[in-house]
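Hi everyone, thanks for coming along. Please have a look at the structure on the screen, and I'll walk you through it.

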Amino acid sequence: MYVSMKGMLQRANEGNYAVMAINCFNIETARAVINAAQELRAPIIVNIVQEHMVNHCDSALIAPIVKLLANRASVEIALNFDHGEDVGLLKKALQDGYSSVMVDASRYDLEGNIRMTREIVDFAKQFDASVEGEIGCMGASAGDNFTNEDMKTNPQQALRFAQETGVDALAISFGSSHGNYPKGYVPEFDFERLKEIKALTNMPLVLHGGSGSGDQNIENCVQYGINKINVGCDFMNANVASIKQQLAKDPDINYWVMMHQVEKDSQEIIKHYIKLSKSQGKSL
């Protein structure tokens, strides 16, 4: 079932669970994500980040592939343009068939963020597509540029942003960072901030940078009001680990055989996160 994020996240908000959003970039990664969701009867979101869409698989190419895979499945699948920073690309993705987009205008001041996000919200209505916005900023583990206190979401600004943009979901910053964390490092989340934003907005909230956050942090996020969890690095790392393992066993392995095994192996981390998010069995 090919759907937008709106309905699945509304139900997650009402049911106090989260829907996983996994970063993909081609047919193999998308199919692995959808098959994992199908096995556990979970709604799921296929995320395509802007860099991957621009440099590897444009929206006109990937949208019909994911739509076909989704319509062959019996669970809800959304295709979301993740961290869309370019208005033209966001609009083209919607025109090409994306069911959802995430507007990342966090580099602007609050007024600029509201203005750009609202433009996409209005544009998306004609496609019956959902829109996620972001308030606050996300750091990155690369170069030790982790999310600091000043980057975290201001609760009152989050409320204003939600009211003035009309977004269906709100990505907030409360301690996670993008990228692979150093070995043994577990980020500290500001759960009191999350609770306050949830109480003020009472809407679907989104955790970006879920990879490597630790099972307990993920479970707490779900308990305190996160309804969409983005994971990219852990899924990509699982794909690489499968390739390395297979090549170690058989350096002359057939590429086609290897890639099919990668799809199977990489589903395990997705299923792990689906269970942590409590979305197993939650698809219509």
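Let me begin with a term: a residue is buried when its relative accessible area is under 20%, exposed when over 50%, and partly exposed in between, using a 1.4 Å probe and protein chains only. What we have here is a predicted model, where local features need pLDDT of at least 70, side-chain atom pairs count only at pLDDT 80 or more, and totals for chains, interfaces and linings use all residues. Residues are numbered from 1 along each chain as its sequence is written, and side-chain values use heavy atoms, with hydrogens and water left out.

Is Ile62 buried or exposed? Its relative accessibility is 1%, so Ile62 counts as buried. You'll find Ile62 in helix H4, which spans residues 59-72; helices (H or I, at least four residues) and strands (E, at least two) are DSSP runs, numbered from the N terminus.

Which residues does Ile62 touch, beyond its neighbours within four places in sequence? They are Asn26, Ile48, Cys57 and Tyr98, where contact means heavy atoms within 4.5 Å.

Let's follow Tyr98. Setting aside neighbours within four places in sequence, Tyr98 contacts Ile62 and also, among others, Tyr2, Met53, Leu79, Phe81 and Ala129. Tyr98 also belongs to the largest nonpolar core, which has 70 residues, and is one of those touching the most other members, along with Ile44, Val46, Phe174 and Ile229. A nonpolar core here is a set of buried Ala, Val, Leu, Ile, Met, Phe, Trp, Tyr and Cys residues joined through side-chain atoms within 4.5 Å. In soluble globular proteins, nonpolar side chains tend to be buried together.

Now to another part of the model. Ile62 and Gln223 are 161 residues apart in sequence and 34 Å apart in space, C-alpha to C-alpha. Helix H9 covers residues 215-223 and helix H11 covers residues 255-277. Where they meet, Asp215, Ile218, Glu219 and Val222 in H9 face His272, Tyr273, Leu276 and Ser277 in H11.

Finally, the whole protein. How many helices and strands does it have? There are eleven helices and ten strands. Of its 284 residues, 55% count as buried. The C-alpha atoms fill a box of roughly 55 × 45 × 35 Å, taken along the principal axes. And among contacts with a separation of 6 or more, 74% come from residues 24 or more positions apart.

How values were computed. Axes fitted to C-alpha atoms, helices over the stretch in contact; angles between N-to-C directions.
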